[in-house]
Amino acid sequence: MKLEELVEQFAENVAAQTDAIWRGDARTGNKHARKCGAAFDKLRAQGDAGRDALAVLLKHPRMDVRVAAAAFLLRHRTAEAKAVLQEAAKGEGMVPFEAQQALLRWEEGTWALDPA
């Protein structure tokens, strides 16, 4: 599968997970979370090329997709990812909270979405 297709799968599943959560459908949300994680695992298996491909989502129109991509890219694209998360964290609601938590875990040293 092409890197672009994996990036699209990642984005689609982040958006679908968020939409399911807003509907109160945790089961569907969890299904999409697993698919998002699987897409990232396949991207990560391609090394930095896979991570670089995911970085296009840092400019995605949906904040939830930007935040998810930034959270996964903190180790690889630290400055860019932190900037996305810091901007999102200024808001209120679920996605800004997720951005705040990703930044907090990064600063604590407990972040481990893409271990070295």
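Helix 4, residues 63-72, is mostly covered, with eight of its 10 residues buried. This is a predicted model. The buried residues of helix 4 are Asp64, Val65, Val67, Ala68, Ala69, Ala70, Ala71 and Phe72. What covers them includes helix 1 (3-23), helix 2 (26-44), helix 3 (48-54), helix 5 (78-89) and helix 6 (94-108).

Take helix 5 next. Val84 sits in this helix. Val84 has a relative accessible area of 16%, so it counts as buried, the cut-off being under 20%. Setting aside neighbours within four places in sequence, Val84 is in contact with Leu58, Arg66, Val67 and Ala70. Val67 and Ala70 are among the buried residues of helix 4. Val84 and Ala49 are 35 residues apart in sequence, and their C-alpha atoms are 20 Å apart in space.

Now turn to helix 1. Its 21 residues should span 30 Å at 1.5 Å a residue, and the end C-alpha atoms are 30 Å apart, which agrees. Buried in helix 1 are Leu6, Val7, Phe10, Ala11, Asn13, Val14, Ala15, Thr18 and Ala20. An α-helix has 3.6 residues a turn, so residues three or four places apart point the same way. The cover over the buried residues of helix 1 includes helix 2, helix 3, helix 4 and helix 6. After helix 1 comes Gly24, with a positive phi near 80°.

The next stop is open space. Rolling a probe the size of a water molecule over the atoms shows where empty space is left. The largest pocket has a volume of about 360 Å³. Its lining is made of 20 residues. Nearest the centre of this pocket lie Gln17, Ala68, Ala71, Phe72 and Glu98. Helix 1, helix 2, helix 4 and helix 6 each supply at least two residues of the lining. By class, the lining has 14 nonpolar, four polar and two charged residues.

Is Asp114 buried or exposed? Asp114 counts as buried, because its relative accessibility is 0%. Not counting residues up to four places away in sequence, Asp114 touches Phe40, Arg44, Arg51, Phe72 and Arg75. With Arg51 there is also a polar contact: the two side chains are joined at 2.6 Å.

Technical notes: Residues numbered from 1 in each chain as written. Predicted model: local features only at pLDDT ≥ 70, side-chain atom pairs only at ≥ 80, totals over all residues. Heavy atoms only, no water. Buried < 20%, exposed > 50% of the residue type's maximum accessible area, 1.4 Å probe, protein only. Helix = DSSP H or I, 4+ residues; strand = E, 2+ residues; numbered from the N terminus. Contact = heavy atoms within 4.5 Å. 1 Å grid on protein atoms, 1.4 Å probe; cavity = no way out; pocket = protein on both sides within 12 Å on 5 of 7 lines; lining within 4 Å. Points joined across faces, edges and corners; volume = space filled by probe spheres on them. Nonpolar A, V, L, I, M, F, W, Y, C, P; charged D, E, K, R; others polar. Polar contact = N/O pair within 3.5 Å; in protein donor to acceptor, adjacent residues only side chain to side chain. Expected span 1.5 Å × (residues − 1).
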